[in-house]
Amino acid sequence: MKKMQKISLIFLILVLIVSGCSNTTDTGETIQETSSSDNKITNKEKTPEEAAKADMEIKYMFNEIPDEYFKKAENQGAIERFDYEIIDENGKEISKFALVYTPYGYNTEDKTTKYNILYLMHGASGSPNTWFGGQNGSTGLSDIIDNMIENGDIEPIIIVTPTYYNRSSGSGFNDGELTEAFQSEFADYLMPAVEERYNTYAKSSSSEGLIAARDHRAFGGFSMGSVTTWYALIHNIDYIKYYMPMSGDCWVQEMMGGRTMPEQTAKTLAESISESGYNTDEYFIYTSTGDEDFAYEALDTMLTSMKELNDTFVFTDNFAEGNIHYDLAEGYLHDYPYGNHYIYNSLKAFFGKDSDSHNTLEDSAAEKAGTKVILSMNDIEVSATLNDTLTAQEFIKLLPYSVTVSRASDDLCGSVTENLPSNPEEGQNSWEIGEIGWFGGWFTILVDNEEKFSNMPGVMIIGKINEEDIPTVQSFTGRIEITVRLAE
């Protein structure tokens, strides 16, 4: 009898981890089981022995969402349905949709304003409607995001809520398999389609364009959405810099492998990152759960093993000093309203206007990227950075290089005789002010009317004038003698 009770308990736990603790109607709308007002942290006083032990372990820091953020903001964003097509593993075309939140003031026609983007995955039995409660935003998450933006906690952001389910994933598939299979859908169909339409930092929907914008992209999820997020770290690190796994471990070894095979799971994650070639300041993980969440044990056990691999995972309370932060919220259970609190804290760390990861490390990485050059323009020197495209690298071989350009209505342009090789896949779909182009037999710098060039497929950009020097470049008229040389 006792053996049967033990088996039944294990079965119940497995059912709960796959359920995500939400009821879903036939239309995909999610009924929340816990109100956000219940999500209060109780701060238990530690004994001296417990405090000393805590100092030796991972430090936990957590901030609740301010009460006023659950009310409607003065400036509200919008939630709309986004339809797209995929080809499944059997070659069948399937229609899918996601919900897309855009912040107050978002204008599709304004191609000069760029937005960070978060892809946010539901748990098992969920749908694209789960996080926001449909296009009417009934769960309150959109109110929280509106208030965060309005109060300057984060920069304006686009949030996409897709699903890993599709019509071909009937019997024979489990959620663990679908969360991993979704990684190909994300990279090949969803992300390119979304960022072709919406004004993110991706200059094109090609793989190269999307990879170049990874510093402005996050992926997160709750419960099975957290499992999806760990798979994203393994399979799509080229596209994503920030990860938000909430109340769920990594299943790359087996179901609930974070608890049953923590060392092997941590090692697989570390090996995958090592093979990608990214340094520890080029990916960030903000993971969260509650100490009364049934997923806590699996996640916590896995993170303990990850902490041992400190060449890859540098646990920290400050992303300027490490790349993974673990929040453990006292009294929190396994339900979506608690996830809203995790999202609130994670987004401030990722895309807060004063966040260490978004400013300190991103600016540092930008300073190290590319090849620094000086343009002497009629004896006035300005700085620029050449990129890593094939054409730019061939241009560098010509330095120092001189060209005569003339001011036109939109750009400074001069004819060139050199025929530099190019990779068509590195072409962009738009041209921005300050960018240096090499195409059609011209050396050119865009200085005005950027909106005219928002749809310019295949344009070859080799670099960009530094932001502080763009006004100087825009001030030139007539003929300008330019000599480009490597910066010292």
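**Note on the predicted model**

1. Let's start with E432: this glutamate is buried, with a relative accessible area of 12%, where buried means under 20% (1.4 Å probe, protein chains only). E432 is found in the loop between β14 (411–415) and β15 (435–439). Setting aside neighbours within four places in sequence, E432 is in contact with K114, K203, L446, E450 and K464; contact means heavy atoms within 4.5 Å.

2. A word on ground rules. This is a predicted model, where local features need pLDDT of at least 70 and side-chain atom pairs count only at pLDDT 80 or more, while totals for chains, interfaces and linings use all residues. Residues are numbered from 1 along each chain as its sequence is written, and side-chain values use heavy atoms, with hydrogens and water left out.

3. Now the overall picture. The protein chain comes to 13 helices and 18 strands, these being DSSP runs numbered from the N terminus (helices H or I, at least four residues; strands E, at least two). Of its 488 residues, 51% count as buried. Among contacts with a separation of 6 or more, 74% are between residues 24 or more positions apart.

4. Helix α4 (residues 175–197) is worth a look: it bends by about 55 degrees at F186, the bend being the angle between axes fitted to the seven residues ending there and the seven starting there. At the start of α4, a side-chain oxygen of N174 comes to within 3.0 Å of the backbone nitrogen of G176.

5. On to a helix pair. The axes of α6 (residues 224–235) and α8 (residues 262–276) come within 8 Å and cross at roughly 35 degrees; axes are lines fitted to C-alpha atoms over the stretch in contact, and angles run from 0 to 180 degrees between N-to-C directions. W230, L233 and I234 of α6 meet L269, S272 and I273 of α8. By class, that contact has 5 nonpolar, 1 polar and no charged residues.

6. Helix α9 (residues 296–307) checks out on length: at 1.5 Å a residue its 12 residues should span 16 Å, and its end C-alpha atoms are 16 Å apart, which agrees. The expected span is 1.5 Å times one less than the number of residues. Its buried residues are A298, L299, D300, M302, L303, S305 and M306, and they pack against α6, α7 (257–260), α8, β9 (284–290) and β10 (324–329).

7. Last, S346 in helix α10 (residues 336–351). S346 counts as buried because its relative accessibility is 0%. Not counting residues up to four places away in sequence, S346 touches M244, Y286 and S288.

Technical notes:
Nonpolar A, V, L, I, M, F, W, Y, C, P; charged D, E, K, R; others polar. Polar contact = N/O pair within 3.5 Å; in protein donor to acceptor, adjacent residues only side chain to side chain. Buried < 20%, exposed > 50% of the residue type's maximum accessible area, 1.4 Å probe, protein only.
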